[in-house]
Amino acid sequence: MKKTTVVKYLEYASLCKLKAKDYKVLLFILSDLIDLKNSSFNQNKIAEQLGLTKSDVSKSFRRLEDNQILSFTWVSPRKKLIGFVPYSDDELDELITEKIEENVDNSFIDDWDD
């Protein structure tokens, strides 16, 4: 994966409503996702390495999937592969623009309510 594409995924993730734990998990698996299209990860090992619970890692994966950053493909009843949602650079640019506009719109609404 190109460096510019990775930066766009990270920029998009930074605009999503994620928790600090979600970013920790994403950054922890990032190097594997850059080198491989998809990879499997042991949630217990990730939790241990990051000082989180397995439940925290599972919830982070779910939030990253809900925000359409990561995708999961089941390869067996107990194993799934994790990868970035396959976007082109142009699609990522559009998603980033939409998130920025959404955040600006929400900011104006919040300011208006005060």
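Asp-22 is buried in this predicted model, with a relative accessible area of 0%. Its side chain does have a partner, however: Asp-22 and Arg-63 meet in a salt bridge, with N and O 2.7 Å apart. Because Asp-22 belongs to helix 2 and Arg-63 to helix 4, this pair ties together parts that lie 41 residues apart in sequence. Arg-63 counts as partly exposed, at 21% relative accessibility; the cut-off for buried is under 20%.

What lets two such side chains pair up? Side chains of opposite charge can do this when their charged atoms come close. A search of the whole structure finds five salt bridges, and two further examples are worth a look.

One of them joins Asp-56 and Lys-21, whose side chains meet with an N to O distance of 3.4 Å. Asp-56 sits in helix 4 (residues 54–66) and Lys-21 in helix 2, so here the tie is between parts 35 residues apart in sequence. How accessible are the partners? Asp-56 is buried, at 15% relative accessibility, whereas Lys-21 is partly exposed, with a relative accessible area of 34%.

The other example stays within a single helix. Lys-99 forms a salt bridge with Glu-102, and their closest N and O atoms are 3.8 Å apart. Both residues lie in helix 5, which runs through residues 89–113, and they are three residues apart, about one turn of the helix. Lys-99 is buried, with a relative accessible area of 14%, while Glu-102 counts as partly exposed at 36%.

Helix 2 also takes part in a contact with helix 3. Two packed helices are described by the angle between their axes and the distance between the axes. For helix 2 (residues 20–35) and helix 3 (residues 43–50), the angle is about 110 degrees and the axes are 11 Å apart. That makes helix 2 roughly perpendicular to helix 3, since angles of 65 to 115 degrees count as roughly perpendicular.

Which residues meet where helix 2 packs against helix 3? From helix 2 come Lys-24, Val-25, Phe-28 and Ile-29, and from helix 3 come Ile-46, Gln-49 and Leu-50. By type, the residues of this contact divide into five nonpolar, one polar and one charged.

How values were computed. Residues numbered from 1 in each chain as written. Predicted model: local features only at pLDDT ≥ 70, side-chain atom pairs only at ≥ 80, totals over all residues. Heavy atoms only, no water. Axes fitted to C-alpha atoms, helices over the stretch in contact; angles between N-to-C directions. Helix = DSSP H or I, 4+ residues; strand = E, 2+ residues; numbered from the N terminus. Parallel < 35°, antiparallel > 145°, perpendicular 65-115°, else oblique. Contact = heavy atoms within 4.5 Å. Nonpolar A, V, L, I, M, F, W, Y, C, P; charged D, E, K, R; others polar. Salt bridge = Lys/Arg side-chain N within 4 Å of Asp/Glu carboxyl O. Buried < 20%, exposed > 50% of the residue type's maximum accessible area, 1.4 Å probe, protein only.
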